[in-house]
Amino acid sequence: MKPTRTRLEVGPTGRVFLFVLALTLGAALFTQANLMFMALGLLGGLLLSSLVWAWLGMRGLELDRLPASHGVAGEELVLRYRLSKAGRVPVFSLVLTETWGKGRRGYKRAGPMKERPQRLLERPTGWVKHLARDAVCQAQSSCWPIRRGQLGLQAIELHSDFPFGVVRRVVVFEDPQEVLILPRLYRMTRQAMGAVTRLDAGGFHQLDKEGGSEEFYCLREYRKGDSMKIIDWKHSAKTGELRSRQLTQPVPPSLIIMLDLSNYAPANQDDAVPQRTAEDEYAIDRAISLAASLACDAYLAGYRVGLNIDGADTMPLRPHHSHPHRAAILETLALVRAGTLPSGVHAPSETPSVIVQAGGERGSLRRRRAVVLLGDELEKITVPIAPNQILASRHKRDRRGERPVLDRDEPAFEVSSQERGAARA
Amino acid sequence: MNPLDYPFRRLAFLQILLGILAFCIAEGRPVLLALVGALAVISWFYTESGGRRGISRQGLNFGALGAVMLLTLEVRLTGASQPVALVGHFTMSLQVILLFAQKGRREYLQLIALSALQMLSGSVLPGGITLIYGLLLLVYCILALLTALTFQLKSCGDLVHERQKSAAPLDEAPAFPEPVGGPRQRWHFRWTAAALGLFCVVCAVLVFIAAPRSKQDGLAVALSRPAGSAQSQAGFSSTINLGGGAIGTGSPEPVLNLRVKRNGVTVGGEDRPWLLRGAVLDQYEADTQSWVRSHQNATEERVIEAGDRGLRLANLSGQPIYDATITLRRISQQNLFVPTAVEGPVATTYLRVSTQKHIQFNIEDQQLMSLSPSSRVQEYGVQLPVQPQGDIRELYKAQLPDQVRVSRDTGWRGPGEADSRGRFDFRSRGTRFGPASEEEDERYVRAWSVEVDRVGAMARSILSSAGLPTDLSNADAATRRAAVRALARYLRLNFTYTTDNPKSAADDPVIGFLFLNRAGHCELFASGLAALCRCVGLPARLVTGFRAAEYNEIGDYYVVRQQHAHAWAEVDLGPGHGWYTIDATPASAVDQLHFARSGGLLGSLRSLYDHLEFNWIATIITYDKRAQEELLGAISSFITAGPDSWVGSARAWVDTKSSNLEIDQVGYIMMVLISVVLMVALFSLIRTLILRHRRMVALQLTALPRHQRRQLARQLRFYITMLEVLERYGWERPHWQSPYRFARDLAEQDQLRFEPVVSLTELFYEVRFGHRSLDDLRRQQVRAHLRRLETTLSGSAD
């Protein structure tokens, strides 16, 4: 991809350099010292060479962002790029930065750093020390998404202030892309997993299902290709027709997770969605993280996992055990938007074994034969990462004055009735 | 950890150390250099060993406070007379403190900025004009370039790392980003640095040549002028105090260079010394035992504004002239030195100056002074007739009738600010006039007041013994010349030259010299001669300046050092003949004491260094408005002249050089032979380098460290030879095939025939990857295998 925009910048070093240049010019004219004129010429040469190098070095650059499948909130997301150089001169010290909006400070007006709650703390940045002419390299930048959801990438800014940091030529490559950020995952404690699995009856006995190799299930007529071993000779002799024995197969236990977001849903379909604060959003994310962590741990333990979400416009996922199914669950949880439907619109097809509730015990779901996990108790039932680590770290930084203080009363996420209607349609 | 961190720290430390070294050399302070240099080296071991220790921020603040106190103390002690040196010392103390501190990017930037400031300060100091400083400056610039580039790369990585750290949660510690680098990045970096350096140098030269210059001295002159340094540095004084004790041999530090040309050809040599007139003193004060200028001089003082093309003092059209160029190096003087023959009339006809706007010229004693004295290195030219005839004072008066004349009773307000009568007074500008008396005014340079009878008797006895008249008041010029020569010869033959000033019972040192000690230094010889002349009616005065007798054969110019300061006498030969220079000091004794020459290789090296330094000063340091105009004019005319003219110029240059070098036919042949040999050597060197590079590429050794690369390229040459042999007979290794696979494929075709290839390939692997050296045994094997391969392949080809 070729660059869409270019600009020339003079950074802080450049401003200092220009000041020194002006100072040297004044000193040379004032003192008439020949060596001072020489120094002035050297500084002028530095400035000129910086301009020339900025022009030559950044020519013929092409960059493509390699598509990223997904990321996980709180974990490092590596974005990869393919960078090639067609100009005649090599380029050094290339810095590539993901950016949003337009202009030098555009990322402060748009993009995931502008969103509330913030989706990224800092722009993903990568470094290419050297790129020879006619060379292709793969560069990467890292970022740590804070929240689940779609991380929208808009453009990549490539700049180099080599050789002296005086001027910087910036080329921008527009490449809109979205990366799905899965909810933050935790490891469930043994006690929590034990409590969840004990309630599920599915795992205590063999289900009556044919096709296995365990116990006798039934007889059926002989089919061509059946093994001689499974022919029930006695019954065949009695009936005069060949009969084969059908054996049962073990069925893994299932876990149906109900994510209860009804506390943040409107009472009726036509009601407006109540405004949510950053605290509410935080509570929703914690509950979603808990559900996702539970789903992943159950998948690892061999469970068939199903998912129902109450209070959001998502279709229920029937219990199943497969990698794509787990991915589907995580993607659903990553994209879930609380409050898009009133509570109880999507009735659960099966009785949930675990209810993960966001926002305390204000919910109205029936709790018979189900374990209720509260999103607020995330830290009690997961290890080893403190559940509020990300937000806590942000608040620590706020105290240091490095970040703007998060306003917890600020409405961070709103779903209008029009949006809800569109989602339903 | 940033991999560029250590290289940057090393480069920055070297740069700082070099800045300290250069400044101390410019200031001439070896003790300071030893102290600060030792502290800097200790700081390196202190901070770089054992986990990068360093004093804390608080300690740094205390240290900075100490540096400020040190600066205050120095200002109080020296009175801020040398502000540039103070700046250098202050930066040095701050550097030492910072060197011992825990350093981040900011501290290193501060250190580098201080170092650059130090270098700029050093360039303004008097020692900043030397060639050594110029070379140090060059090395400093190269180091600074590398430091800047490395710092840019390092800081870029650091910034990315910091941004990643701020992007990560607090419990995450992202590793330093792995630097993505393409192939041959080190090679590219070096070439880029070289190209940038070259480009910057070209820009610097262009700015240096074309930047507008002013005729006035700048602030640097005022800042760098050390108080009272004129005498202490130059060894030259505009007054003479005979009671001052021994004069010593003086410092060998060069003060000025003199180049004399006649008809465009440089003339000179050690057998042809020149005297450089500085101050002219005509009145002897017996009570202070010193020579000063009298008020008689003041009536003929003139202030002349020098034009861009110079200053014509006298019109001597048609006469052959000497064109002298004087390069003042380390001197802060009002006096402009003018060359004159050791024995002969005094006559200066033309002055070519570039920086002094107003020149003070005295028709009576021909003393030239600058009204804006400069401590900066400057160059000016003087023209004087080869054979002066007549009294040149009349020509001066004819040439300079309308200039501002100076009276004794006017007040000085500075050049260009004459009083209502258009007069200036120079008393406050360093010229010292003696007491005014009408009698002295009438008898300019004729009065001798100390033991006149005794001195006169001595002079008369000398003249009588030489067969000359004893009363010369009304004698003709030839008689006067013969008399003064006789007196000078007498002093040369019967008196001993010494740098001491021996104590004598006489109250007056001249009397003690003439009658008791009969030994003394040049000032006493000149005073004695003047006293003898005056007592027999010959007007005589003293001149101080330099004796230029050290000739640099390489550059064809005289080198004048501090130790060459000299004094001699001038005698008036009467109306129509003017003043006559005569040096009564025995030249051989002066040369022995003041012109200590080192012969052999050391002397040649010293001459070469002097020559290089002279060129450095003449082309770079003294480059001014006039030189700029000349250079730009020459370039312009050269460009507009066209290629034919270029060829002609080159031919003329060769002819000139050959005539200067006096090369005969054999010399030409030798030169051609030497040139051919040098060209062949250069071609061989380039070819060797190219072949080695190709070998490295063919053997894929370019990614290895340099020493390993070269060693392997040398040792694995046999494999390239084997490939060449195979290629000659039609077997070429594809570039994608490994040596092992290639050898195996050949062996599968014909095992017996290609067995040497397999053996050589095994040897190749042993040396290339097995860390085995190509010892004698393996060499023998290689030779045998190659011979066998050649034999088998040629046999099969037949």
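**View 1. Val128(A) meets Val180(B) across the two chains.** In this predicted model, Val128(A) has Val180(B) as its bridge partner in strand 1 of chain B. The two strands involved are strand 6 (residues 125-131) of chain A and strand 1 of chain B. They pair in the parallel sense, over 2 bridges.

**View 2. Chain B touches chain A.** Here 49 residues of chain A are in contact with 52 residues of chain B. Several elements of chain B each supply at least two residues to the side that touches chain A, among them helix 5 (105-124), helix 6 (131-167) and strand 1 (180-181). Helix 7 of chain B gives the most, with 13 residues. By type, this side of chain B divides into 33 nonpolar, 13 polar and 6 charged residues.

**View 3. A cis peptide bond joins Phe162(A) and Pro163(A).** Omega is about 10 degrees. Most peptide bonds are trans. Pro163(A) sits in the loop between strand 8 (149-160) and strand 9 (167-182) of chain A.

**View 4. Ser93(A) has a positive phi.** The angle is about 55 degrees, although Ser93(A) is not a glycine. Most residues other than glycine have a negative phi. Ser93(A) belongs to strand 5 (residues 91-99) of chain A. Ser93(A) counts as buried because 25 other C-beta atoms lie within 10 Å, and the cut-off is 20 or more.

**View 5. Asn263(B) also has a positive phi.** Its value is about 55 degrees, and Asn263(B) is not a glycine. Asn263(B) lies in the loop between strand 3 (254-262) and strand 4 (265-267) of chain B. With 10 C-beta neighbours inside 10 Å, Asn263(B) is exposed; the limit is 12 or fewer.

Conventions:
Residues are numbered from 1 along each chain as its sequence is written. Chains are lettered from A and ligands numbered from 1 in the order in which they are written. This is a predicted model: local features need pLDDT of at least 70, side-chain atom pairs count only at pLDDT 80 or more; totals for chains, interfaces and linings use all residues. Helices (H or I, at least four residues) and strands (E, at least two) are DSSP runs, numbered from the N terminus. Two residues are in contact if their C-beta atoms, placed from the backbone, lie within 7 Å. Ala, Val, Leu, Ile, Met, Phe, Trp, Tyr, Cys and Pro count as nonpolar, Asp, Glu, Lys and Arg as charged, and the others, Gly among them, as polar. Two strands pair if DSSP finds at least two bridges between them.
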